[in-house]
Amino acid sequence: MTAEEETLPVLAPPAEVSANLARLADTVARLRGEVDHAHAVADGRALIELAKGVLMERLHCTPADAARQLETLAEQAGMTPLEIAADVVGEAAEDRITEVTQEFLARADGEESVAVRLRTAESGVLAAGDTQRVAESILEHALRPLGATAVAVWLAGPDGSLTLAGSAGFSAEEAARWRYVPPGVATPARSALIERDTVWYPTLAAGELPSIGQHTLSGGGRVAVPTGTGGRIIGVVEMCWPDPLPAEPGRQHRQLDALAELCAHTLDTWDGVIAPVAADGSGDFLGELVDFVDGLHDPAVLLSPCLDGGRLSDFRIHHANVRFADPGGRPRSRIVGTRLLETYPLAAEESGLLDKVRRVYATGEPFRADSMAITTLVDQVPLTVLTDISVTRFAGNVLLILRIQDDAAKLAVLLQHAQRLGRIGGFEENVVTGAITWNTELFALYGLPPNAAPLSLHELAGHAHSDDAQSIGRFLRAVLHHRRPSSTAFRLQRSDGVARHIRVVAEPVVDGRGELVAVRGAYQDVSSQHWTEVALAATRDRLAETEQQSIERNRLALQLQHAIMPPAKGPIDMPGLRAAVRYRPAEKEHLVGGDWYDAVALPTGEVLLCVGDVAGHGIDAATGMVSLRNALRGLAATGAGPAQLLTWLNLVAYHLTDHVTATAVAAVYDPATRKLRWARAGHLPPIVRHTGGDATTLPLIRGSLLGAVRDVAYHEEEVQLDEGDILLIYTDGLIERRDRPVQESVARLVTLVQGHGGGLEHQLDTLLTYSTADTDDDTCVVGIEVTSAK
């Protein structure tokens with residue numbers, strides 16, 4: 001186990017995973033980089049402190065003097081304090097690979113250190129143009145001083161094969177014989193590839209493990225070090241010694257790792273091999289790979305490596321095709337862009353999925369498994385499904401195919417999601433053994449931790465509101481004693497103080513003799529439904545109250561309207577004319593309007609005729625109509641003409657009413673001269689039917705509606721009538737239609753008047769009978785017929 005893996009938490013089986021452990025697993029990916037950095041800092045600080053201790057012991061100085069001495073040595077050697085500390089500690093421990101190395105260092109001038117040799121080898125590598133020259137440079141500058149006599153640089157293929165990319169110290173025949181190693185052949189280099197770590201062979205006898213130079217270097221030591229970048233293994237560097245090596249690698253482990261890393265950049269492009277796409281997803285190849293994943297018939301995701309400080313820490317879900325079904329039921333938009341360990345913390349650790357993906361990414365060897373259990377968290381609840389897994393590396397990325405195994409597993413997932421979304425908890429209670437089984441959702445309904453003891457049905461009343469004790473008792477008697485299915489609703493009193501409305505349904509389970517052996521059923525949280533029903537009931541009550549108030553207002557408006565304008569029972573005979581009225585109220589009571597009419601004999605001997613229509617409906621329209629009608633009656637007593645009367649009535653509507661607007665026609669008829677003076681305030685023009693049968697509207701004169709503007713000047717016209725002429729004044733309820741303009745409706749009304757003869761009352765009845773209005777508004781028609789003066 002690596003130091004990185006030692007930092008990971010050990011997860012319990014899915015059934016025992018607590019909420020705290022689930023949250024802890026969720027943060028592993030974010031903490032990994034911080035832990036690695038802390039380890040590196042701690043290791044470096046510990047090494048420097050250890051070197052200071054060595055200098056204190058050797059020089060008999062204080063800690064401050066030892067620190068200054070360490071800095072001075074590092075400055076003189078051109079090294080960092082950490083490098084010089086490593087040399088000081090190494091010299092104190094007298095750690096060497098072989099006796100040959102000790103002799104070489106003893107013969108050296110005393111100035112050359114391991115770090116110097118590594119820098120020399122690095123210079124040779126950077127100057128080299130291919131892997132073969134890199135191998136020669138490493139052997140010449142770094143390995144020969146350590147006693148090594150040969151080195152081989154292997155390129156790892158995606159199928160697990162090995163190709164000799166460069167070698168030094170072997171004959172040309174030996175190198176040609178080992179040019180290619182098929183997958184599955186056990187060699188030291190392949191062992192390092194599988195282990196993903198340095199493999200140390202103190203001695204390697206001929207025939208023990210086949211490898212390059214096995215006969216000429218039989219019995220010597222051998223070290224195989226995997227090399228790569230960002231957690232991806234590109235190849236293996238195999239180093240050979242003619243003599244046995246120590247059983248433990250000691251401090252040279254890191255030195256040999258550093259030598260292997262020098263080969264990584266040349267292996268990336270060896271013999272035309274395309275370098276992998278950068279971890280940040282740059283390059284056109286990644287876009288082509290996304291298109292390839294979308295074209296697969298299998299559910300697949302594309303994983304990109306996450307490198308923190310150059311080290312592989314996790315994988316990011318870069319893309320998921322449309323066929324991919326998340327085991328946790330989440331949409332693709334919620335998982336794309338997240339890290340694998342954050343999205344599937346339990347699956348990555350318990351099933352080893354993350355380690356398998358890492359191994360495939362490092363070695364390039366595909367991994368496949370059937371019936372792998374994947375555990376994910378759904379609302380902090382563990383959910384386990386069986387899946388078929390396929391993991392393959394594609395040019396620096398990983399293709400993960402994850403297929404839920406069968407329909408039964410899919411149905412189980414759907415059932416668990418349905419229970420979670422519907423807040424349904426299932427249970428089964430064995431009345432013989434007393435064993436009780438609850439699912440995880442039921443613990444959540446009761447507000448209990450998953451490891452709490454389930455509650456028996458006999459304890460149900462103790463966790464419910466006291467007012468529900470009787471209904472719970474009837475429920476238990478029906479199930480336990482009468483052995484028939486039953487249900488009830490109660491108010492659950494949880495220990496955390498939360499009250500929930502719960503419905504429980506249960507059925508008895510009996511054996512062959514009819515004896516009760518178990519009870520199974522389900523609880524459902526119906527709190528939302530309950531409060532919705534309460535809100536609906538309150539809304540219905542308010543609507544009923546509002547409706548009753550509306551009915552009362554309409555009834556009052558209708559009574560007021562009838563009190564002011566009782567329907568005329570017959571014609572009204574006045575000097576020089578006969579008047580008749582037809583009034584038809586709206587069919588719907590809530591549309592009671594403000595139509596009004598009046599025919600009044602004035603003190604001057606003239607007759608006032610008027611028709612008006614107040615905007616709106618209901619009690620406000622009715623009271624507005626009363627105000628304007630009575631005001632016009634009072635103003636007419638002054639003897640003023642129709643235009644002046646409307647001018648005054650406009651001021652009344654503007655100042656003395658509550659924002660009332662209305663249309664009106666006012667006319668004054670003089671029986672002695674048979675002249676009619678009239679004015680209009682936004683109202684439809686009257687219609688005259690002459691004795692010969694011709695009908696026409698009076699010329700339209702200007703005049704805005706009442707109450708809209710304070711100062712309005714109304715115009716007045718005079719019409720000469722003859723005996724037998726009929727004048728009709730009406731409201732828009734007689735002709736108004738939604739599907740045609742008003743002018744067209746007025747023209748049709750003129751045609752109707754002209755086509756039907758008869759007396760005044762017959763004419764009015766005809767208009768109401770053949771009216772085609774469809775607005776269901778009040779309708780008022782006033783007609784006068786000129787008669788001879790008596």
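The protein has 790 residues, of which 46% count as buried (under 20% relative accessible area; exposed is over 50% and partly exposed lies in between, with a 1.4 Å probe and protein chains only). Its secondary structure comes to 25 helices and 27 strands (DSSP runs numbered from the N terminus, helices being H or I with at least four residues and strands E with at least two). Residues are numbered from 1 along each chain as its sequence is written, and side-chain values use heavy atoms, with hydrogens and water left out. As this is a predicted model, local features need pLDDT of at least 70 and side-chain atom pairs count only at pLDDT 80 or more, while totals for chains, interfaces and linings use all residues.

**Confidence and contacts**

- The mean pLDDT is 76, and 76% of the residues reach 70 or more (pLDDT is the predictor's confidence in each residue, from 0 to 100).
- Residues 118-124 stay under 50 in pLDDT, and the model has 14 contacts for them beyond four places in sequence (contact means heavy atoms within 4.5 Å).
- Residues 271-283 also have pLDDT below 50, with 19 contacts in the model beyond near neighbours in sequence.
- Among contacts with a separation of 6 or more, 60% are between residues 24 or more positions apart.

**Nonpolar cores**

- The largest nonpolar core has 30 residues, and Val614, Leu628 and Leu646 touch the most other members (such a core is a set of buried Ala, Val, Leu, Ile, Met, Phe, Trp, Tyr and Cys residues joined through side-chain atoms within 4.5 Å).
- Two or more residues of this core come from each of strand E20 (607-614), helix H22 (619-636), helix H23 (642-655), strand E21 (662-670) and strand E22 (675-681).
- H22 contributes the most to this core, with 8 residues.
- Beyond residues up to four places away in sequence, Leu628 touches Trp596, Val614, Leu649, Val652, Ala653, Val660 and Ala662.
- A second, separate core has 26 residues, including Ile138, Ala142, Ala168 and Leu256.

**Helix H24**

- Helix H24 (residues 742-755) has 14 residues, which at 1.5 Å a residue should span 20 Å; the end C-alpha atoms are 20 Å apart, in agreement (the expected span is 1.5 Å times one less than the number of residues).
- Its buried residues are Ser745, Val746, Leu749, Val750, Leu752 and Val753.
- Seen down the axis of H24, these buried residues fall within an arc of 160 degrees, so they line one face of the helix (the arc is that of the directions from the helix axis to the C-beta atoms).
- Gln743, Thr751 and Gly755 are exposed on the other side of H24.
- The cover over the buried residues of H24 includes strand E23 (687-689), strand E24 (695-697), strand E26 (726-730) and helix H25 (760-769).

**Helix H17**

- Helix H17 (residues 353-363) is mostly covered, with 8 of its 11 residues buried.
- The buried residues of H17 are Leu353, Leu354, Val357, Arg358, Val360, Tyr361, Ala362 and Thr363.
- Gly364 follows H17 and has a positive phi, near 85 degrees.

**Salt bridges**

- The structure holds 24 salt bridges (a side-chain nitrogen of Lys or Arg within 4 Å of a carboxyl oxygen of Asp or Glu).
- Glu174 and Arg177 form a salt bridge at 2.9 Å, N to O; both lie in helix H9 (residues 172-177), 3 residues apart, about one turn of the helix.
- Glu174 is buried, at 14% relative accessible area.
- Arg403 pairs with Asp298 in a salt bridge, the closest N and O atoms being 2.6 Å apart.
- This pair links distant parts of the chain, 105 residues apart: Arg403 is in strand E11 (residues 397-404), and Asp298 is in the loop between helix H13 (284-294) and strand E7 (300-308).
- Arg403 is partly exposed at 31% relative accessible area, and Asp298 is partly exposed at 29%.
- Asp739 and Arg737 form a salt bridge with the closest N and O atoms 2.9 Å apart; Asp739 is exposed at 53%, whereas Arg737 is partly exposed at 22%.
- A network of salt bridges links Arg737, Arg738, Asp739, Arg740 and Asp774.

**Glu428**

- Glu428 lies in strand E12 (residues 424-430) and is partly exposed, at 41% relative accessibility.
- Apart from neighbours within four places in sequence, Glu428 is in contact with Ala435, Ile436, Thr437, Val519 and Arg520.
- Glu428 and Glu507 are 79 residues apart in sequence, with their C-alpha atoms 9.8 Å apart in space.
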